[in-house]
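I opened this notebook to record what I looked up in the structure. The entries follow the order in which I consulted it.

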Amino acid sequence: EGLAATPRGALMGDVRGSGLFVGVDLVTDRATRTPARAQASWVCSRLKARHRVLASVDGPGDNVLVIKPPLTFDAAAADAFVGALAECLQALAEASPAEVAGGGHTPT
């Protein structure tokens, strides 16, 4: 949730979940809660390609990044995931709209 308060977390509308099952709601506008469908898919794909982190996209707007880590997930792994997500959100901010839109649907 601390990442959402940084410029890299501008797309993060909400973080929710129970136990190890966590969802990160990505929105283009926090006030209107407009789903960031293409951005969520792009981030999910980059997490897998660059960081070997498996996530999926879910929700009615296909904009909720779902993280389902293994039971052996510890504080160090959580820190590594937050770092990977921060890198992906930074890269997303620097990507062209065509690159993000051309990403297609997430492979996971």
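This is a predicted model: local features need pLDDT of at least 70, side-chain atom pairs count only at pLDDT 80 or more; totals for chains, interfaces and linings use all residues.

**Entry 1: cysteines**

I looked up C88 and found it buried, with a relative accessible area of 0%; buried means under 20% relative accessible area, exposed over 50% and partly exposed in between, with a 1.4 Å probe and protein chains only. C44 is also counted as buried, at 1% relative accessibility.

Residues are numbered from 1 along each chain as its sequence is written, and side-chain values use heavy atoms, with hydrogens and water left out.

**Entry 2: helix 2**

C88 is one of the buried residues of helix 2, so I turned to that helix, taking helices (H or I, at least four residues) and strands (E, at least two) as DSSP runs numbered from the N terminus. Helix 2 covers residues 75–94, which is 20 residues. From its first C-alpha to its last it reaches 29 Å, close to the 28 Å expected at 1.5 Å a residue; the expected span is 1.5 Å times one less than the number of residues.

Besides C88, the buried residues of helix 2 are F81, A84, L85, A86, L89, A91 and L92. I looked up what covers them: the cover includes strand 1 (12–18), helix 1, strand 5 (64–67) and helix 3 (97–101).

**Entry 3: the chain as a whole**

I recorded three helices and five strands in the protein chain. Read along the sequence, they follow the pattern β-β-β-α-β-β-α-α. Of the 108 residues, 37% count as buried.

For contacts (heavy atoms within 4.5 Å) between residues at least 6 apart in sequence, 54% join residues at least 24 apart. The accessible surface comes to about 6,100 Å², and 57% of it belongs to carbon and sulfur atoms; the areas come from the Shrake-Rupley method with a 1.4 Å probe, and for residues only the protein chains shown count as cover.

**Entry 4: A36**

I next located A36, in the loop between strand 3 (34–35) and helix 1 (37–51). Is A36 buried or exposed? A36 is buried, with a relative accessible area of 0%.

Which residues does A36 contact, leaving aside its neighbours within four places in sequence? They are L11, L26, V27, T28 and N63. The C-alpha atoms of A36 and L26 are separated by 5.4 Å, the two residues being ten apart along the chain.

**Entry 5: salt bridges**

I found four salt bridges in the structure; the term requires a side-chain nitrogen of Lys or Arg within 4 Å of a carboxyl oxygen of Asp or Glu. I examined several of these pairs.

- R16 pairs with D14, the closest N and O atoms being 3.0 Å apart. R16 is partly exposed at 40% relative accessible area, and D14 is partly exposed at 31%.
- D25 and R33 meet through their side chains at 2.4 Å, N to O. D25 counts as buried at 5% relative accessibility, whereas R33 is partly exposed at 37%.
- D62 pairs with R37, with 3.8 Å between the closest N and O atoms. D62 lies in the loop between strand 4 (56–58) and strand 5 and R37 in helix 1, so the pair ties together parts that are 25 residues apart in sequence. R37 is partly exposed, with a relative accessible area of 46%.

**Entry 6: backbone angles**

Most residues other than glycine have a negative phi. Against that background I checked two residues from the previous entry.

R33 has a positive phi of about 60° although it is not a glycine. R33 is found in the loop between strand 2 (21–29) and strand 3. D62 likewise has a positive phi, of about 50°, and is not a glycine. D62 is partly exposed, at 27% relative accessible area.
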